[in-house]
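Trainee: Could we go through this structure together, starting with how some of its helices pack?

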Amino acid sequence: MDVSDTYTVADLSLADSGGLKVAWARSRMPALAALRVKAEKEQPLAGQRIAGCLHVTKETAVLIETIEAAGGKVSWSGCNPLSTQDDVAAWLASEGYDIHAWYGQNTEEFYQSIDRTLQINPTLTLDDGADLIYRVHSKYPQSAENVIGGTEETTTGVHRLRAMGEAGELLYPVIAVNDASTKWDFDNVHGTGQSTLDGIIRSTSVLLAGKTFIVAGYGHCGRGLANRARGMGANVIVTEVDPIAALKAIMDGYRVMKMDEAVHIGDIFCTATGMKDVIVGRHFDSMKEGAIVCNTGHYDCEINIPDLEARAKKIYTIRENNEAFELKDDRTIHLLARGRLVNLAAAEGHPSEVMDMSFANQFLALCRLAAEGDTYENIVYDISEEQDRELAELKLIAEGISIDSLTSDQLAYFEDYSAGT
Ligand code: ADE
């Protein structure tokens with residue numbers, strides 16, 4: 001471990017390799033780059049101290065450098081014990097950013113790193129999963145004194161924070177970055193779809209064509225994953241608890257059934273629900289020999305690992321992020337990335353091109369809070385439709401794509417309710 005006043009990282013000597021990856025990400029994040037050019041002049045985050053708790057990846061490094069280029073000062077930790085890219089963390093440390101994160105943290109180290117970032121005495125917080133903000137509220141409420149507001153990156157975190165807001169428990173306003181269309185219609189769908197398969201393939205090298213692939217949960221993430229798995233030739237089955245989501249899956253062409261039925265035929269299982277105990281002991285009892293089980297939801301409670309451990313007579317690692325659980329009845333089940341989100345623990349997370357929009361939203365939300373957060377109530381706010389549209393336009397321009405616009409005649413037609421047949 002390499003430690004100084006400003007960093008706690010696994011191995012500082014990895015910095016050069018991290019720097020090359022960050023440069024690669026930067027070149028694929030043109031919307032954030034455009035915002036940075038403007039922000040360097042206007043300094044919208046001047047004087048702001050930002051505690052961040054979000055996966056330390058090459059894309060996050062580009063967000064961090066954009067925040068500091070805009071005048072802010074960060075102190076950062078990862079939001080999952082198994083998602084930090086150690087070379088990227090080393091590069092951030094070597095460039096002077098305040099960073100406390102390494103791959104393979106235990107629970108105590110995870111929370112110690114979050115606590116360490118609070119020493120910055122934040123004026124803004126940035127979360128992915130709400131662990132930082134929950135820590136402030138449950139353990140260090142005095143840290144909230146100078147906080148103007150916070151942002152939240154993911155569905156699970158927004159869910160937690162909306163519940164806190166409705167209970168009147170929030171100590172400061174939060175912007176739900178996740179709920180922007182330019183975030184979840186792209187990051188959750190296309191990002192999760194691709195990066196989850198990437199994680200599964202990196203840890204197993206399994207052929208997807210012809211496999212029966214069970215996707216638990218047909219929200220944005222599950223839909224993206226089902227679509228990509230089908231594209232690779234898998235027979236996809238969806239399990240759901242929500243009737244509307246289940247119908248959507250059926251009409252998108254998937255079979256839908258209960259997990260209790262799917263367990264008998266699945267070759268690969270991936271949970272994407274945000275709910276605990278989606279796969280439990282009785283499911284393991286019925287799985288086929290060699291079944292592969294993983295999760296792409298934020299927390300590691302979707303698969304009940306203690307239930308699996310209780311059935312095992314031997315547990316050993318086949319290859320990185322692929323553990324074999326040899327059961328008492330001699331079947332073997334493979335658990336990937338210890339049930340942590342397989343796309344970040346076993347691969348590199350979502351590709352830079354989608355994180356570009358997610359993090360442009362994060363950046364704009366921080367700027368909005370810095371500018372006007374002190375007039376907000378302590379509730380969860382959405383990204384404005386205006387910001388969503390402007391960001392989509394910015395991304396199109398950055399990608400060199402032009403689209404049509406309505407003529408004044410068409411606009412008048414749109415507004416004229418008397419125009420019929
Ligand atoms: N969440 C999913 N993919 C990510 C990435 N590449 N960087 C940061 N957070 C992520």
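Mentor: Let us begin with helix H1 (residues 15-26) and helix H4 (residues 86-94), which pack at an angle of about 95° with their axes 7 Å apart. Helices (H or I, at least four residues) are DSSP runs, numbered from the N terminus, and the axes are lines fitted to C-alpha atoms over the stretch in contact, with angles running from 0 to 180 degrees between N-to-C directions. H1 is therefore roughly perpendicular to H4, a label for angles of 65 to 115 degrees.

Mentor: Before we go on, keep in mind that this is a predicted model, in which local features need pLDDT of at least 70 and side-chain atom pairs count only at pLDDT 80 or more, while totals for chains, interfaces and linings use all residues. Residues are numbered from 1 along each chain as its sequence is written, and side-chain values use heavy atoms, with hydrogens and water left out.

Trainee: OK, and which residues of H1 and H4 make the contact?

Mentor: On the H1 side they are Ala15, Ser17, Gly18, Gly19, Lys21, Val22 and Arg26, and on the H4 side Asp87, Val88, Ala90, Trp91 and Ser94, where contact means heavy atoms within 4.5 Å. They divide into five nonpolar, four polar and three charged, with Ala, Val, Leu, Ile, Met, Phe, Trp, Tyr, Cys and Pro counted as nonpolar, Asp, Glu, Lys and Arg as charged, and the others, Gly among them, as polar.

Trainee: What about H2 and H16, at what angle do they pack?

Mentor: Helix H2 (residues 30-42) and helix H16 (residues 385-398) pack at about 105°, with their axes 8 Å apart, so H2 is roughly perpendicular to H16. Pro30, Ala31, Ala34 and Leu35 in H2 meet Leu391, Leu394, Lys395 and Ala398 in H16, and by class this contact has seven nonpolar residues, no polar ones and one charged.

Trainee: Changing topic, how many salt bridges are there in the whole structure?

Mentor: A search finds 27, a salt bridge being a side-chain nitrogen of Lys or Arg within 4 Å of a carboxyl oxygen of Asp or Glu.

Trainee: How much area do they bury between them?

Mentor: About 1200 Å², 58% of it on carbon and sulfur atoms, where buried area is the accessible area (1.4 Å probe) that two parts lose on being put together, summed over both. In domain 1, Leu82, Thr156 and His350 lose the most area to domain 2, together 39% of what that side buries. Between domain 1 and domain 2 the count of salt bridges is zero.

Conventions. Helix = DSSP H or I, 4+ residues; strand = E, 2+ residues; numbered from the N terminus. Parallel < 35°, antiparallel > 145°, perpendicular 65-115°, else oblique.
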